[in-house]
Every structure is written in structure tokens, then in C-alpha cells.
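We will go from one stop to the next, and at each one you will find something to select and something to look for.

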Amino acid sequence: MLDATRSPLHPIARDTLLAALDEGWADPRRLHREGRRARLLLDRARESVAASIGARPDELSFHPSAEHALLAGVRGLAHARRRTGSRVVTSAVDRQVLLDEAYAVDPGSAPLPVDRDGRVNPASVAASLAEETPAVLVALQQANGEVGTSQPVADVHSVCRSAAVPLLVDATASLGRVDPPRAYDALVGDAATVAGPPVGVLTVRTGTRFDLPGPRWEPEHGREPADPWVPLALAAAEAWQQAEAARAAEAESARELVDRIRAAARAVPDVEVVGDPVDRLPHVVTFSALYVDGESIVDALDREHGLAVASGSACTSSRLEPSHVLAAMGALTHGNVRVTLPLAAVAPHREVEVDRLCRALPGVIADLRSRLGVDDL
């Protein structure tokens, strides 16, 4: 398994989930004993996640998915500043759900360009915020989940503070894998990134204006219409806690494995490895092979070698459409292969699979090119 945008649950998170099925099944809003127990467990889960990411428990809310958390963050920040304007500033490599939401809020908005590594220039953010049409917020990734490139979050936050515009940081691909960002007004994470269930979290810094449109809800600081299912929240908290404890060693190991993949891919003729080679997520690598399509490479690696990798955009991979991230970077958009390493805790044989991938890659690409009659180009 070398496609860990979703992975098996961390063993300890799985045990926590199973135990919580007996202890935390009740509605945490009920006043009976089971309800009070569920409330206590939910509060503990919130405190644990908040501690793992450097936030306060009263700033953090649980959501059904990372996408729900992102949408709640954008909508709450934008609606709170609706008298200022409607423009949401994003980059061309942000998740599709953010780009779609920014367009829905203001159809006239256009995402900011990026360089060849997929990085935003803080000066372009400053220029955008200086435009005549006011911006209500800036949304930026901590690091790109497709090519791994880290974004200048601290510098962009300084720009935002000077312009009195809040910054939402999308850390759904990075939280738990690298140091959590400290410079933000709102932060979004995904427990699936650390081998937890696909539970989203949203942190809104105290003092940040936040007001979702529509009726005022009670659960999750008014950010969700219903309380989370407590067993999932507990499993998510356990996954983050385990990831935090092993983060330094995990990052070092994953970076070394990804460096092997990068070197093996670069050694194949007409293959482009994309993203910053140094300032990046430790567990993500993407490369593109000329003359062949990514789906064929993925299929051959799976069928002939039992290796699971991905292709296409990281946030729309099921549609097998060209990656908007690679297009924005000016990179090859076909022949695209993405590896997202799972945590060692759920993939103890990942080093063996990486070595198999590195050995198989030249032959797979050569064979596909041969079938197309382009092997001698």
C-alpha cells in the first residue's frame, strides 16, 4: 500500500474505536449516566487533539470529514466579514473543494499563480489583498498533498495580519506528519492523514470573527448541526496522539524512502519528478512519465506487481482527470503517479514495497511505451 490518502486504522486507534463502541455509544447531550459518560469521553478526545496540534479545546470542533471542516471554516470566516466583501483568496494548487467554494462565494475571483514547485509567493498574496475589491479571507495549504511542496504560511500570515484579513490554513495533508503551523486564524486537519478515521477538525483562534450563515446550532461550538459520533472522535484523537509521539522518527524514515523513489523515477528517461525536493512533506512524491498515461502505470503496478499507487488530482482522483495542481505548476499532467506513504505503524513492510516499486518502475514504463511504439524516441 503506497497510496495512503486513506489507510488502515492505526492499531491502537482501532482498539480505541472498538472499546468506545461499548463505552461511548450514547448521545453526549443526554443527562443520563450513559450520556454523561459519552460527554466526558468527547471532551477528552477534544482535549487530546487540541494538545496534539497546539490549540485550545474550546477552539476546536469535530466534523464528519475534512471537506466538511474546510467548508465550515471558509463559510464561517466569510460570513462573519460579509459586510467587508465576498472575495476569497486561494492559490491555484489548493484543494478543489476550496477552489469551488471560493468561486461560489465570488464567481469573479481567480486563484493565485504558483511557481514551478507549486509554491505561492507572499508578494502575490499582498498584491491580491491590495486590490480594490476587498477580500474576506485567505485560504492556503500548509503543504500540498499531491506534490508535497510546503507553503510560506508564516510569511503569508504576516501579510494577512497587515491587511487585517484572516488566514485559514488547510493542513489536511500535513497535520500530524510535520510540525503543526503556529501562524493562522483558522486551521483544518484530517485524522485520516495519521491513520485515523476520516474525521475533520477545525480550529478557530480565540478572537477571530467567525459566524456561520443560517440557524445557530449548539453542537461543536455552533459549527455542526449534530454532535460527532464519540467512538470516531476518540479513535481520531488516539491516532493523532500516536502520530505525534512518533512524528520525528516517522518523518525521517519516510523522507529517506521518498528520496529513493525520487531517485528511481529521475533515472527513467523522460520522467519528471515534481515539487520542491527539500522543503516538502516527508511522505509524498509525484512524478510524470512522458508518452504514457498515469492510469496505465497504476494498473500495471497493481496487476503485475501488487503495488497500490495513485494518479490524477489528489482530491479528485476517482474521476481520473488531469491534475489541476500539475497544470498550475506547468508540469506534465499525463503519465502522473503519486505515492503517499502510510505510517510505519500500519505498513510495517513499506520499505520492501518501496524497493519493489523502484525496481519495477523502469520496466513498467518501458513496456507501456513499447506497446505504444514510442520506446525508441
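Before the first stop, one term: a residue is buried if its relative accessible area is under 20%, exposed if it is over 50%, and partly exposed in between, with a 1.4 Å probe and protein chains only. This is a predicted model, in which local features need pLDDT of at least 70 and side-chain atom pairs count only at pLDDT 80 or more, while totals for chains, interfaces and linings use all residues. Residues are numbered from 1 along each chain as its sequence is written, and side-chain values use heavy atoms, with hydrogens and water left out.

**Stop 1: Ser-48**

Select Ser-48, which lies in helix α2. Helices (H or I, at least four residues) and strands (E, at least two) are DSSP runs, numbered from the N terminus. Ser-48 counts as buried because its relative accessibility is 16%. Now show its contacts, meaning heavy atoms within 4.5 Å. Setting aside residues up to four places away in sequence, Ser-48 touches Ala-237 and Gln-241.

**Stop 2: the sheet of 6 strands**

Colour the strands in the order β1-β6-β5-β4-β3-β2: together they make an open sheet of 6 strands with mixed pairing. Two strands pair if DSSP finds at least two bridges between them. Which strands stand at the edges? They are β1 (60-63) and β2; each has a single partner strand, so one side of each is left without a neighbour in the sheet. On average, neighbouring strands here are turned by 20 degrees against each other, direction ignored. For such angles, axes are lines fitted to C-alpha atoms, for helices over the stretch in contact, and the values run from 0 to 180 degrees between N-to-C directions.

Zoom in on β5 (residues 186-190) and β6 (residues 200-204), which run antiparallel and are joined by 5 bridges. Within this pair, Gly-189 stands opposite Val-201 in β6. Next, bring back helix α2 (residues 33-53), which packs on the sheet and touches β1, β5 and β6. The direction of α2 makes about 110 degrees with that of β1.

Stay on β5 and pick Ala-186, which is found in that strand. With 0% relative accessibility, Ala-186 counts as buried. Beyond its neighbours within four places in sequence, Ala-186 is in contact with Leu-77, Leu-167, Leu-168, Val-169, Leu-202, Thr-203 and Val-204.

**Stop 3**

Select α4 (residues 96-105) and look for its buried residues, Leu-98, Leu-99, Glu-101 and Ala-102. They lie on the same side of α4 because they cover an arc of only 165 degrees around the axis. That arc is taken from the directions from the helix axis to the C-beta atoms. Turn to the other side of α4 and you will see Tyr-103 and Ala-104, which are exposed. The cover over the buried residues of α4 includes α3 (66-80), β3 (135-141), β4 (167-170) and α10 (324-329).

Move on to α5 (residues 122-129), where Pro-122, Ser-124, Val-125, Ser-128 and Leu-129 are buried. Seen down the axis, they fall within an arc of 160 degrees, so they line one face of α5. These buried residues pack against β2, β3 and α6 (153-163).

**Stop 4: the sheet of 3 strands**

Now select β7, β8 and β9, an open sheet of 3 strands in that order with antiparallel pairing. The edge strands, β7 (271-274) and β9 (336-340), each pair on one side only. Strand β8 (residues 284-289) pairs with β9 over 5 bridges. In β9, Val-337 is the bridge partner of Phe-287, and Arg-338 is that of Thr-286.

How many residues of β9 are buried? The count is 5 of its 5 residues. Asn-336, Arg-338 and Thr-340 are on one side, Val-337 and Val-339 on the other, and both faces are covered.

**Last stop: a charge and a ring**

Finish with Arg-223, whose charged end sits over the ring of Phe-210, 5.4 Å from its centre. The criterion is NZ of Lys or CZ of Arg within 6 Å of the ring centre and within 35 degrees of the ring normal.
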